[in-house]
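Subject: Structure for your review

Dear colleague,

Please find below the structure that I am handing over to you, with its sequence. My findings follow it.

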Amino acid sequence: MIRWIVRALAILVFAIAAIIVLDFAELLVPVEPDDTASMANTIPACDGRVLAQGFGYRLFSDPEPGQVVAVHAAETDEGRIIPDEDADDRTLVLRVAAGPGDRIVGRDGTVFVDDVKFDDIATEPFGPITVPNEQYFLLGDNRSAAIDSRNFGPVLGDAIFARVFAVYWPVRDITFRLGQSSGEPPGKIGCD
C-alpha cells in the first residue's frame, strides 16, 4: 500500500514539474482569452480556458487557415482592442482565415478566401481585402459579436504567439476538437 502511494505521489510530482517546465519554456501555454465571446461556441463564452502550443509553434511553422491562434493585444486610450506584438496585457483567441497574399471577402452571408468558401458561419458583408505580406486575417467564430480583423485589420505574424489546440476549462467542455462550426453564430453574450 505504501509503495503504491509513493509511486502515485512520484507520478504526480513529475507531471506537475513537466507542466511547469513546459509553461516556463512557453512550449505549452495556458491561455485565458480576454474576449471569449468572439470564439463562442468553439470556446465556451465567459469562462473558457485553452491550452496553446507556444515557442515551438512560432519557431517551426506559420499560422495556417483554419487554425485557432492566440494573439498579443493592447487596449487603446479610446477603449479599442488592437493586436500588438509588444503588448502582453490582453490576449485574443481567433481563427486564421487568410494568410499573406490571400484575398478575403464576406459576401452573401459567407466568407470566401481566393474565391473558395472558407466556412459555413453566417457572416455580414465585408471587404474585399488582400492580406499584406507577413500578416494574417483573423476571424472569430461568433461573427456577429467578434472583435477580429474586420475591426482592426490584418494582424502581423509576430503578434501571434501560439496555436490553440485544446479547451481545458470548464471541465464539462474539455475538447481537442476546435474545428469550424456552422450556421448562425450565438451573437452577443453577457457574462456576469
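M1, W4, I5, L9, L12 and I16 make a nonpolar surface patch of about 690 Å². Such a patch is made of residues with over 30% relative accessible area and no salt bridge; nonpolar side chains (Val, Leu, Ile, Met, Phe, Trp, Tyr) are joined within 5 Å, and like charges within 9 Å. Accessible areas come from the Shrake-Rupley method with a 1.4 Å probe, and for residues only the protein chains shown count as cover. M1 lies in the segment before α1 (2-24); helices (H or I, at least four residues) and strands (E, at least two) are DSSP runs, numbered from the N terminus. With a relative accessibility of 75%, M1 counts as exposed, where exposed means over 50% relative accessible area, buried under 20%, and partly exposed in between (1.4 Å probe, protein chains only).

The model is predicted: local features need pLDDT of at least 70, side-chain atom pairs count only at pLDDT 80 or more, and totals for chains, interfaces and linings use all residues. Residues are numbered from 1 along each chain as its sequence is written, and side-chain values use heavy atoms, with hydrogens and water left out.

Salt bridges

A salt bridge is a side-chain nitrogen of Lys or Arg within 4 Å of a carboxyl oxygen of Asp or Glu, and by this rule there are five. One of them joins the side chains of R90 and E75 (3.0 Å, N to O). Because R90 belongs to strand β5 (residues 90-98) and E75 to strand β3 (residues 68-75), this pair ties together parts that are 15 residues apart in sequence. E75 is partly exposed, at 42% relative accessibility.

Another salt bridge is formed by K117 and D120 (2.6 Å, N to O). K117 is partly exposed at 47% relative accessibility, and D120 is partly exposed at 46%.

D119 and R143 also meet through their side chains in a salt bridge (2.5 Å, N to O). D119 lies in the loop between β8 (116-117) and β9 (120-121), and R143 in the loop between β11 (135-139) and α3 (149-152), so the pair ties together parts that are 24 residues apart in sequence. D119 is buried, with a relative accessible area of 5%, and R143 is buried at 4% relative accessibility.

Strand pairing

Two strands pair if DSSP finds at least two bridges between them. Strand β13 (residues 160-169) pairs with strand β2 (residues 49-53) in the antiparallel sense over five bridges, and V164 in β13 is the bridge partner of A52. Four bridges join β13 to β3, also antiparallel; here A162 in β13 stands opposite A70.

An open sheet of four strands runs in the order β8-β7-β6-β10, with antiparallel pairing. Its edge strands are β8 and β10 (126-130), each of which pairs on one side only. Three bridges connect β10 with strand β6 (residues 103-107), where R103 has T130 as its bridge partner in β10.

Backbone geometry

Most residues other than glycine have a negative phi, and most peptide bonds are trans. The peptide bond from G127 to P128 is cis, with omega near 10°, and P128 lies in strand β10. D114, in the loop between β7 (110-113) and β8, has a positive phi near 50° and is partly exposed, with a relative accessible area of 41%. D115 is found in the loop between β7 and β8; its phi is positive, about 65°, and D115 counts as exposed at 57% relative accessibility.

Yours sincerely
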